[in-house]
Amino acid sequence: MAARNSTTRPDDSLLLTLSSLLQSLLGAQVQVELRDDAIITGVLEEADGYMNISLSRARIQRHPGARVLEQELLYVKGTSVRFVHLPEEAQEAEKLMRNRLKLVDQGASAFSRRIKKPVPPPPAMEALAPLVSEFVTRTDTCD
């Protein structure tokens, strides 16, 4: 792992996860090995924090030597994933993840610079409905 520089926040290491790496590889060709030994190759379309993965142009091989099935779009549940084999462009994984975090930080700072709407004043007391109805009976009141 590279040495920390002054622009790195101290909590960045908590955000550098496998799911954030997969988020930085959207659109790349990946190979996913499932717990049942099936191998799926496809273009990474979506990945979330639970390792649920969506692949387009997926090629599925249930076991070595088996016929290859093709699927235009395939959803893989995260609990069935054993490995995700990363493509060659993922050799600089930390750099990819840090670039992703930089984009998130830019979005957060843009959000903090937004023009805030003024808070409306509370309604006037006379505009509120009375809490007690005019139909209160004598037995309902305290003497």
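## Buried, exposed or in between?

Let's start with a word we'll need: a residue is partly exposed when its relative accessible area falls between the buried range, under 20%, and the exposed range, over 50%. Asp-37 has a relative accessible area of 44%, so it's partly exposed. Keep in mind that what you're looking at is a predicted model.

## Arg-82 and its partners

The count of salt bridges here comes to four. Let's look at Arg-82. It forms a salt bridge with Glu-33, where the closest N and O atoms are 3.2 Å apart. This pair links distant parts of the chain: Arg-82 belongs to strand β5 (residues 81-85) and Glu-33 to strand β1 (residues 29-34), 49 residues apart.

Arg-82 also has a salt bridge with Asp-37, and there the closest N and O atoms are 2.7 Å apart. Asp-37 lies in the loop between β1 and β2 while Arg-82 lies in strand β5, so this pair ties together parts that are 45 residues apart in sequence. Put together, Glu-33, Asp-37 and Arg-82 are linked in a network of salt bridges.

How accessible are Arg-82 and Glu-33? Arg-82 is partly exposed, at 36% relative accessible area. Glu-33 has 17% relative accessibility, so it counts as buried.

## A bridge between two loops

Another salt bridge joins the side chains of Asp-36 and Arg-62, at 3.7 Å from N to O. Here too, distant parts of the chain are linked: Asp-36 sits in the loop between β1 and β2 (39-47), and Arg-62 in the loop between β3 (53-61) and β4 (68-76), 26 residues apart.

Asp-36 is partly exposed, with a relative accessible area of 47%. Arg-62 is partly exposed too, at 46%.

Conventions:
Residues numbered from 1 in each chain as written. Predicted model: local features only at pLDDT ≥ 70, side-chain atom pairs only at ≥ 80, totals over all residues. Heavy atoms only, no water. Helix = DSSP H or I, 4+ residues; strand = E, 2+ residues; numbered from the N terminus. Buried < 20%, exposed > 50% of the residue type's maximum accessible area, 1.4 Å probe, protein only.
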